[in-house]
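Welcome! Let's take a friendly first look at the pockets of this protein, and then at one residue that deserves a visit of its own.

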Amino acid sequence: MSKYVVLTDSTCDLPEEAAKQHNIDIVCFKIALDGEGYTERVDFTPEQFCEMLKKASGLPTTAQITQFEFFDKFEEYDRQGVEQALYISINAGGSGTNAAAHAAAEQYAQEHPESRMKVYIVDSHAYSMAEGAGVIDAKKMLADGKTMEEVVDYLNDKYARME
């Protein structure tokens, strides 16, 4: 059985306990609010963010997760001996994050032809727990012995039928 990792982004809204329980890696979005920069899940909890919003004079803005951040993740996984990395992304229609992950995976493969790691990227077409539920499904399926290809096919079908 190959060594795998499941990665998603912080828009999945998985509680920290669930992410830890299922060993899911989460890359976090950057948020700006009232001239201050923050990293989701690092600088505040969801409850703290709600309080920040109540006191804010403006609206928050976000920045997509960059190609460089994904490249660094892939490099870290490869060093750890990961053979299959699955990234389940925020809706590609609403963020350039999915495209950044694809670009990073392509760049990583070109710069590291010796790497045995294969990167799979699935567009959740969703936000919040609609994204997160599929992430947990993927981790459970892999733990039950399903192949990465079976999991990717399942997720593509699941997310394509979600409303």
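## What counts as a pocket

A pocket here is an open set of grid points with protein on both sides within 12 Å along at least five of seven lines, and its lining residues have an atom within 4 Å of a point. Please keep in mind that this is a predicted model.

## The second largest pocket

With that in hand, start with the second largest pocket, which has a volume of about 160 Å³. Its lining is made up of T11, F29, I31, E40, T62, A63, Q64, I90, G94, S95 and Y127. Sorted by class, that lining holds five nonpolar, five polar and one charged residues.

## The largest pocket

Now turn to the largest pocket, with a volume of about 330 Å³. Its lining has 16 residues, and E40, R41, F44, T45 and P46 are the ones that lie nearest the centre. Two elements, α1 (16–21) and α2 (46–55), each give two or more residues to this lining. Of the elements, α2 gives the most, with three residues.

## A buried charge

Finally, look for D78 in helix α3, which covers residues 67–79. D78 is buried, yet it has no salt bridge. The nearest side chain of opposite charge belongs to R116, 7.9 Å away, whereas a salt bridge calls for atoms within 4 Å. The side chain of D78 does have a polar contact, made with the side chain of Y108 at 2.8 Å.

Terms used
Residues numbered from 1 in each chain as written. Predicted model: local features only at pLDDT ≥ 70, side-chain atom pairs only at ≥ 80, totals over all residues. Heavy atoms only, no water. 1 Å grid on protein atoms, 1.4 Å probe; cavity = no way out; pocket = protein on both sides within 12 Å on 5 of 7 lines; lining within 4 Å. Points joined across faces, edges and corners; volume = space filled by probe spheres on them. Helix = DSSP H or I, 4+ residues; strand = E, 2+ residues; numbered from the N terminus. Nonpolar A, V, L, I, M, F, W, Y, C, P; charged D, E, K, R; others polar. Buried < 20%, exposed > 50% of the residue type's maximum accessible area, 1.4 Å probe, protein only. Lys, Arg positive; Asp, Glu negative; His and termini not counted. Polar contact = N/O pair within 3.5 Å; in protein donor to acceptor, adjacent residues only side chain to side chain.
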